[in-house]
Structure formats: structure tokens, C-alpha cells
Amino acid sequence: MVSALFVFTACTEQTAQVKILAHRGNASTGSQFTTDENTLDALARAQELGFAGVEFDVHLTVDNQLVIRHDNNITDGLSCQESSFDEIRAYVLPFGHQIPTLREWLVQAKKTPHIKQLLEIKSHKGDKEKELIAMSLEIIRELDMLNQMYMLSFDTEVIDEVLRQEPNMKVVLNSSNLHHSLTPEEVKSRGYHAVSYNINVILNHTDWIEQFRNYGIETFLWMVNTPYTYNIAKDLGFTWVTTDFYDAITAE
């Protein structure tokens, strides 16, 4: 790991203006997945390499437990939002890991307070998202991690609810919608701290990057899984890039 850490440090020193966000933890080696994403192992790998931030996804189970996974569906008859925690916990992921809880993730994340944690609130039915936000904030406050955290969503109503419950939480608006992404002026007026826009959105609105920067709004570009898109992000002056394959984007 020492040589990998050296490469990462050297790279970030050369492009200090662009921070690298590990998407669902660091689950890859080269251009292949070598561990389960959104697991404590993927988080630990990101911590070892010293990423600037780690993104992860949170669901609320049917018995009100917060679990870390991207897709709601796990396998036939098993899902994050319709199954119990015990049922979910018994499932073994392809590389042999369990689906972790939010508390387990944050306890591990707190060991590296300089690495930001970006909690994506997954879509739920009814008022479950409000419950998820409240329960997540309770754990974050208990662990005294508010300054280490961001919360993000594709839904402006969800982000507004986060700010209603915790005005000091940094929030990020996700978008992949070319024609309906909020402008810099709209993002500023809503009090959002950052945007995470898909590359197809931003290549059609490159003038927005400087506007966001002038407003003090951080910009995340996703997905950045090739050196080509990584160089675009650097040239345009993004604050962050979100990647599944760190090795691939930094390969010379």
C-alpha cells in the first residue's frame, strides 16, 4: 500500500484543486472491482489511500434500521426497504462481506476525520425519507461528526428537509437531467452548498462552473472513470471528481 499511497499523494499535490471522491468506497483495483462496494472493507481501502472523500448510500429497513447499500433490491425476495435487518444482515455479498449499518460505517469513518463522508439519501415511499434523515442526524450528532459530513439527494424536497432539520449540514444536489438541472443562481437561492452533476449535464453548461465557484458552491463531476474525463474536470476547475476506478483515472 505504500507505493499506492505515494502515487496518490503525488497526484493530489499536482492537482490540489481537484479532490477525489471514492464512489461507494474504494472497491476496485485497476479497472476491476475487487471488493464489495458500500462495505466497511471498501471504506477502509479508501481511508488507506487517503481519498479526500467517500460517498455512500443509506436505506431504512422495514424495522427501522439504517443500512448502507446502493440498490434497494438485494436479491429475489430481499430488499433494503421491505426486509428486516436480520434478513439483510444474513445475506453475504459476492466478495464475502455483510451489508453494514450507518453506525458501523460512521464509527469507522470517524477514524479519519479529514476524509469527508457524503451520505446519499435513497428514495423511499411516504415519509420514510424524513425518518431516515432524522435518524441519520441523531447518529451524526452523537458521534460529533457534523463537520465531516455532507448529505446528498436527487430530490430538492429531500435536501430542503435536511436543512430544515439541521441548518448546519452541508447539502449536495445530485442531477443527471440535462434540461432540468438547477442553475447556479437557483442553487445559491436555495442555500445549497454543492452540486454533483453528471458529465452530460455539465458539458452543455460549462459556463456554470465559474458561476458556482464565484458563489462559493462546490462542484462534483460524475462519473469520472477515465483519464479523459478526469482531465476535463481539472481543465474546467471542478472542486471534486467522483470515481469508481481511482487507478484508471490517474494512470499515466
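A nonpolar core is a set of buried Ala, Val, Leu, Ile, Met, Phe, Trp, Tyr and Cys residues that are joined through side-chain atoms within 4.5 Å, where buried means a relative accessible area under 20%, exposed means over 50%, and partly exposed lies in between (1.4 Å probe, protein chains only). The legends below describe a predicted model, in which local features need pLDDT of at least 70 and side-chain atom pairs count only at pLDDT 80 or more, while totals for chains, interfaces and linings use all residues. Residues are numbered from 1 along each chain as its sequence is written, and side-chain values use heavy atoms, with hydrogens and water left out.

**View 1. The largest nonpolar core and its member Leu106.**
In soluble globular proteins, nonpolar side chains tend to be buried together. Here the largest nonpolar core has 57 residues, of which Phe56, Leu102, Leu106, Leu119 and Tyr197 touch the most other members. Helix H5 (residues 128-142) supplies the largest share of this core, five residues; helices (H or I, at least four residues) and strands (E, at least two) are DSSP runs, numbered from the N terminus. Leaving aside neighbours within four places in sequence, Leu106 is in contact (heavy atoms within 4.5 Å) with Phe56, Ile139, Ile140, Leu143, Met145 and Met149.

**View 2. Val187 and its surroundings.**
Val187 has its place in helix H7 (residues 184-189), and with a relative accessible area of 0% this residue is buried. When residues up to four places away in sequence are not counted, Val187 touches Leu182, Tyr192, Val195, Tyr197, Phe212 and Ile217. Asn231, by contrast, is 44 residues from Val187 along the chain, and the C-alpha atoms of these two residues are separated by 25 Å.

**View 3. Helix H6 and what it packs against.**
Within helix H6 (residues 156-165), the residues Val158, Ile159, Glu161, Val162 and Leu163 are buried. The buried residues of H6 pack against H5 and against the strands S8 (116-121), S9 (149-153) and S10 (170-175). At the start of H6, the backbone nitrogen of Glu157 has a side-chain oxygen of Asp155 within 2.8 Å.

**View 4. Ser28 beside Asp244.**
Ser28, which lies in strand S2 (residues 28-29), counts as buried because its relative accessibility is 5%. A polar atom of the Ser28 side chain lies 2.7 Å from the backbone oxygen of Asp244. Apart from neighbours within four places in sequence, Ser28 is in contact with Phe33, Thr34, Asp244, Phe245 and Tyr246.

**View 5. Leu49 and Tyr246.**
Leu49 lies in helix H2 (residues 40-49) and counts as buried at 7% relative accessibility. Although Leu49 and Tyr246 are 197 residues apart in sequence, their C-alpha atoms are 9.9 Å apart in space.

Most residues other than glycine have a negative phi, and most peptide bonds are trans. Asn38, in the loop between strand S3 (32-33) and H2, has a positive phi of about 55° although it is not a glycine, and at 3% relative accessibility Asn38 counts as buried. Asn64, in the loop between strand S4 (53-60) and strand S5 (66-68), also has a positive phi, near 60°, but Asn64 counts as partly exposed, at 34% relative accessibility. The peptide bond from Trp222 to Met223 is cis, with omega near -15°, and Met223 is found in the loop between strand S12 (218-222) and helix H10 (227-236).

Definitions and conventions
A polar contact is a pair of N or O atoms within 3.5 Å; within protein, one must be able to donate a hydrogen and the other to accept it, and residues adjacent in sequence count only if both atoms are side-chain atoms.
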